[in-house]
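Colleague: Before I rely on any of the labels attached to this structure, I would like to hear how each one was reached.

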Amino acid sequence: MQLPTLKTPDKQNILALSFDEILKLVQELGWKKYRADQIIAWIYKRHAAHLNEMTDLSKTDRQRLADVFTLSHLKIATHQQSSDGTEKFLFALEDGKQIETVLIRSKKKRLTLCISSQAGCTLDCRFCLTAQEGLKRNLRTEEIIAQFLSVQARLSESEAITNVVLMGMGEPLANLKAVTEACVRLIAPQGLALSARRVTVSTAGLVPQMKKLLQGPAPVNLSISLNATTNAIRDEIMPKINRLYPLDVLIEACKQLPLPPRRSITFEYVMLAGVNDSLEDASRLTRLTQGISCKINLIPFNAYPGSPYQATADEQILAFQNHLHQHNIRTTIRKSKGRDILAACGQLTSQFEQ
Ligand code: SF4
């Protein structure tokens, strides 16, 4: 990437720079290398929201940085809090696009941030509200990472985001380069220092990119939105992705994935009444996942205004889970959070956008 020179009139957000690029910048300015560590620490450890806060740089040096760069978090357009503590942020990007980020509080002080990777989405999953927007654009790395920084900066000192899931708006692997760089910064010790096991990228099944992610510099957890046990049903509910990579191709690819040691794939399975929730589906799921180190996460469907599907009854979800347990498949049922503010899985949309 071409660094802006000190003569560049347009200021760039310093969050656009990788760690290496910050080091190059420091060298270009003729400063000692440790200055790069200081700047990185201010951004990622001390959550500075402005270059002026970097008080171990002299006023003159801060001004030299500010001549070329800004340090900008995201602008909050709206913020909603659910009765269960879940918070939903609608962020306004510089070009007017809007994206949603959801903070989920659960037991044992776990704070999970669900972040977006695209404004809208490349894909057209029929059970998902985001799909109705179509793709507006990919997010840049700084816009992905700024979702974390903007939310963390609002939390009290006793609270810290412990887990990140890229399950918000968009198909993360359709924006692989920016998402990989964001994951690098999420897990790097000098960055946000989360364990790679606490960062999850969720894909609808972009097969070549799944392998690329795991072979890249940030081999985080992979979760695959499966949702069907036959091509006929997957064609109906996830038409675009299943045309590109049909179920059999996806499952075969999962068997070959270069997973890090002691790591497994999570298959997400949204339960849609009368569509994919029969015990025959559970049997097929058992056969499909044979030989894959995996866990299955059953997701009660969250209806939204005008949604074409209904939620499976709780007893049927339990029967489905039981069937999988009987075949020794680790299966959890996701506890839905933030339903009352449309912050739950598949309910995200920039519905307030003008
Ligand atoms: S479920 Fe995910 S991949 Fe599918 S349309 Fe919605 S945001 Fe995109």
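Modeller: What follows takes the labels in turn, bearing in mind that this is a predicted model.

Colleague: Why is Thr-70 called partly exposed?

Modeller: Thr-70 has 13 other C-beta atoms within 10 Å, and since a residue counts as exposed at 12 or fewer and as buried at 20 or more, Thr-70 falls in between and is therefore partly exposed.

Colleague: Where does Thr-70 sit, and what is it in contact with beyond its neighbours within four places in sequence?

Modeller: Thr-70 lies in strand β2, which covers residues 69–70, and once those sequence neighbours are left aside, Thr-70 is in contact with Lys-11, Asn-13 and Leu-51, contact here being C-beta atoms within 7 Å. By contrast, the C-alpha atoms of Thr-70 and Leu-247 are separated by 46 Å, the two residues being 177 apart along the chain.

Colleague: How do you know whether the radius of gyration of the protein chain agrees or disagrees with that of a compact globule?

Modeller: For 354 residues, a compact globule would have a radius of gyration near 20 Å, and because the protein chain has 21 Å, the value agrees. The box filled by its C-alpha atoms along the principal axes is roughly 70 × 40 × 40 Å, and 43% of the 354 residues count as buried.

Colleague: What makes up the shell around the ligand?

Modeller: The shell divides into seven nonpolar, four polar and two charged residues; of the 13 residues around the ligand, Cys-121, Leu-123, Cys-125, Cys-128 and Ala-131 come nearest.

Key: Residues are numbered from 1 along each chain as its sequence is written. This is a predicted model: local features need pLDDT of at least 70, side-chain atom pairs count only at pLDDT 80 or more; totals for chains, interfaces and linings use all residues. Helices (H or I, at least four residues) and strands (E, at least two) are DSSP runs, numbered from the N terminus. Two residues are in contact if their C-beta atoms, placed from the backbone, lie within 7 Å. A residue is near a molecule or strand if its C-beta atom, placed from the backbone, lies within 6 Å of it. Ala, Val, Leu, Ile, Met, Phe, Trp, Tyr, Cys and Pro count as nonpolar, Asp, Glu, Lys and Arg as charged, and the others, Gly among them, as polar. The radius of gyration is taken over C-alpha atoms; the globule rule is 2.2 Å times the number of residues to the power 0.38.
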